[in-house]
Amino acid sequence: ENIWGIILAAGSGSRLAGAAGGVAKQYIEHRGAPLFWLSARTFSRVAGVRGVVFVFPDADMAAMDKRVNQLFRSENLGLDWAVCAGGARRQDSVALGLAALPSGCDGVLVHDAARPFVSASTIALLIDALRRGERAAIPAIAVADTVKRVVPDRSGGESVAQTLDRAALRAVQTPQAFETKLLREAHAQAGAQGWEATDDASMAERMTPPVTVAVIPGDPGNVKITTPEDLKRLEEARTTVPC
Ligand code: CTP
Ligand code: MG
């Protein structure tokens, strides 16, 4: 068993729109380290994780190679690691991260650096799923709001087309776990067919032959830092969680 994490930190954080002082969200400092490092810490606490690949914007590569070196020197997580440059879309960054995995890596956990509060137990549940033979597994939580599908209306606004059955809906998170070979094949098919996807599991779902994606219980605390509002969660965590 040789399982690696891919920590995606190659976005620009455009929806934060400057609320983080012009720094991309993966670099926001929290508890003495940039956000992308908090996930690496948590991965390192789970038995079975061999290493992590950090994916950064191409323009930041030289600086981040140095920074990650420094971080590992001051805090030895006991993980192997690599850094690589990402691409324009999240899915491009994942494909580049997959190419940077060492040979022999048979399981991979793709994770958003923008979800710094992922728990060790979520990672452990995903690894358990791979161990019992699932080829793809994702964490998901029940949806609290009623969700409706909308269509544009004549006035330039929108109206409801359909109310979805909330009991059957889930909000999905990262990390998403895959047999490495399978996720490589999914990305190859996505590239060949021009699929756009906001997560990796949806590529596996569209593959021929289709792959069953197992769902494990997610964690409501594993939020994604996306909007200026979400930055408050970092402030709250700073004041309520002992370091
Ligand atoms: N990501 C990436 N490469 C990209 C785009 C996104 O590695 N080309 C990463 C982000 O760094 C983030 C995760 O994917 O950790 C989830 O993406 P998202 O929340 O959309 O982050 P951003 O793309 O940075 O933010 P925005 O969409 O607001 O610009
Ligand atoms: Mg984005």
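**View 1. Helix H3 in the lining of the largest pocket.** Helix H3, residues 90-99, gives the most to this lining, with three residues. The model is predicted. In total, 31 residues line the largest pocket. Gly11, Arg15, Arg90, Asp112 and Lys224 lie nearest its centre. The volume of the pocket is about 760 Å³. By class, its lining has 13 polar, nine nonpolar and nine charged residues.

**View 2. Ligand 1 in the largest pocket.** Ligand 1 sits in the largest pocket. Around the ligand are 18 residues. Gly13, Ser14, Arg15, Ser93 and Lys224 come nearest. This shell divides into six charged, six polar and six nonpolar residues.

View 3. The side chain of Ser14 places an N or O atom 2.5 Å from an oxygen atom of ligand 1. For Lys25, a side-chain N or O atom is 2.9 Å from an oxygen atom of the ligand. Ala113 uses its backbone: an N or O atom there lies 3.3 Å from a ligand oxygen atom. On its own, ligand 1 has 560 Å² of accessible area, and the protein covers 89% of this.

**View 4. The second largest pocket.** This pocket has a volume of about 190 Å³. Its lining is formed by Arg31, Leu38, Arg41, Thr42, Arg45, Pro116, Phe117 and Val118. These residues divide into four nonpolar, three charged and one polar.

How values were computed:
Residues numbered from 1 in each chain as written. Chains lettered and ligands numbered in written order. Predicted model: local features only at pLDDT ≥ 70, side-chain atom pairs only at ≥ 80, totals over all residues. Heavy atoms only, no water. Near = heavy atom within 4 Å. Polar contact = N/O pair within 3.5 Å; in protein donor to acceptor, adjacent residues only side chain to side chain. Areas by Shrake-Rupley, 256 points an atom, 1.4 Å probe, with all protein chains shown as cover. 1 Å grid on protein atoms, 1.4 Å probe; cavity = no way out; pocket = protein on both sides within 12 Å on 5 of 7 lines; lining within 4 Å. Sits in = over half its atoms within 2 Å of the grid points. Nonpolar A, V, L, I, M, F, W, Y, C, P; charged D, E, K, R; others polar. Points joined across faces, edges and corners; volume = space filled by probe spheres on them. Helix = DSSP H or I, 4+ residues; strand = E, 2+ residues; numbered from the N terminus.
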